[in-house]
Amino acid sequence: MIEIEGITKRYDETTVVDNVSLVIEPRTIAVIVGTSGSGKTTLLRMINRLVEPTSGVIKLDGADNRSVPDYQLRRSIGYAIQGHGLFPHRTVAQNIATVPLLLGWDKDRIKARVDELMTLYQLDPQAYGPRYPHELSGGQQQRVGVARALAAEPNVLLMDEPFGALDPIIRTKAQEDLLAIQKRFGTTIILVTHDMEEAVHMGDKIAVMDAGKVLQYAKPAEILARPANGFVETLVGSSERPFRLLSLGRVRDAVEPGGAEGEAIPGDASQRDALAELLWAGRPALPVKDGDGKLIGRITVEGLVKRARPA
Ligand SMILES: Nc1ncnc2c1ncn2[C@@H]1O[C@H](COP(=O)(O)OP(=O)(O)OP(=O)(O)O)[C@@H](O)[C@H]1O
């Protein structure tokens with residue numbers, strides 16, 4: 001659990017983070033969104049003490065983050081940034097091994113962990129381990145950056161626009177990979193992004209920041225349905241709201257009894273994708289199948305339209 005209590009950061013007369021309090025539950029993803037210069041990066045960097053707060057306290061599992069030396073703290077918290085921050089003169093394997101090496105892991109354990117993470121990120125350790133960062137594509141470098149942040153099995157991972165520079169297809173893949181890894185290791189993640197789509201997709205909770213303050217901190221569905229004020233409403237995009245709400249739900253949760261003509265939609269597809277399929281097929285309803293291909297009912301345009309409005 002991460003408890004941010006009344007955190008403020010001032011540079012001279014300027015307050016860039018203004019009395020922020022947030023609690024991030026273990027094994028969840030909290031996303032920080034906001035306009036440029038709203039203080040997102042500064043807030044994130046106060047968690048691993050790359051920036052020292054002017055006042056306030058941050059606790060990790062109950063302990064003040066100033067109770068250990070900052071270098072020790074940073075070895076226990078993963079940190080991944082846009083542009084990856086890889087060491088250019090170290091190989092991919094050496095980059096990933098950075099923190100385990102600092103922690104004094106033995107060679108075999110480090111090699112096993114590097115191989116495990118590279119395999120997880122679909123980079124063949126034999127082929128890519130000895131390469132240098134510039135010999136990789138942007139998407140591959142991004143995966144190495146996240147693998148490096150995860151190398152020492154941190155409970156907490158801080159991510160600052162980690163997918164910012166990726167093209168949309170690779171970005172989606174990177175998001176799915178991260179969600180899968182988060183589930184598997186139970187990591188608590190704080191992710192800074194500009195992208196509301198990403199925030200809604202990834203976040204268990206979203207914190208909306210403006211001018212150093214957190215305006216709303218709530219579940220994505222709550223933020224979409226009941227934005228705290230006009231700023232949050234603008235940020236979540238009024239015209240996109242219905243689709244974003246639908247993107248949070250699965251087809252299986254909107255199944256109605258009965259059959260329909262046409263190609264069946266998988267139950268684990270998002271309701272937003274189902275609506276797109278229905279519109280594209282020009283049909284009022286389509287059948288729904290479960291993971292085994294068994295038909296479990298149908299999904300209708302009418303049903304989805306009702307769900308695209310806040311409850
Ligand atoms: N070391 C510093 N000295 C003075 N001002 C700073 C310093 N670091 C950040 N700031 C200012 O603090 C404000 C918040 O910066 P921060 O990087 O936290 O914003 P952000 O929300 O992450 O922005 P972006 O989305 O553009 O990265 C900005 O106005 C920035 O100029």
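Residues are numbered from 1 along each chain as its sequence is written. Because the model is predicted, local features need pLDDT of at least 70 and side-chain atom pairs count only at pLDDT 80 or more, while totals for chains, interfaces and linings use all residues.

The protein is divided into domain 1 (2-243) and domain 2 (249-307), with bounds that come from an automatic or database domain assignment. The centres of domain 1 and domain 2, taken over C-alpha atoms, are separated by 34 Å.

An open sheet of 6 strands has the order β6-β7-β8-β3-β9-β10, and its pairing is mixed. Strands are DSSP runs (E, at least two residues), as are helices (H or I, at least four), and both are numbered from the N terminus; two strands pair if DSSP finds at least two bridges between them. At the edges stand β6 (77-81) and β10 (213-218), each with a single partner strand, so one side of each has no neighbour in the sheet. From one strand to the next, the twist averages 15 degrees (axes are lines fitted to C-alpha atoms, for helices over the stretch in contact, and angles run from 0 to 180 degrees between N-to-C directions).

Strand β7 (residues 156-160) runs parallel to β6 and is joined to β6 by 5 bridges. Within this pair, tyrosine 79 stands opposite leucine 158, and glycine 78 has leucine 157 as its bridge partner. With β8, β7 also pairs in the parallel sense, over 5 bridges; here leucine 157 stands opposite isoleucine 189. In β7, 5 of 5 residues are buried, that is, 20 or more other C-beta atoms lie within 10 Å of their own, with C-beta atoms placed from the backbone. Val156, Leu158 and Asp160 point one way from β7, and Leu157 and Met159 point the other way.

Helix α1 (residues 40-47) lies across β3 (29-34), β7, β8 (188-193) and β9 (205-210), and runs at about 155 degrees to β8. To the shell around the ligand, α1 gives the most, with 3 residues. Among the residues surrounding the ligand are Tyr11, Gly34, Lys40, Thr41 and Thr42 (C-beta atom, placed from the backbone, within 6 Å).

A second open sheet has 4 strands in the order β2-β1-β4-β5, with antiparallel pairing. Its edge strands, β2 (14-24) and β5 (63-64), each pair on one side only. Between β1 (residues 2-11) and β4 (residues 55-60), which run antiparallel, there are 5 bridges; threonine 8 has serine 55 in β4 as its bridge partner.

Notes
Contact = placed C-beta atoms within 7 Å. Buried ≥ 20, exposed ≤ 12 C-beta atoms within 10 Å, placed from the backbone.
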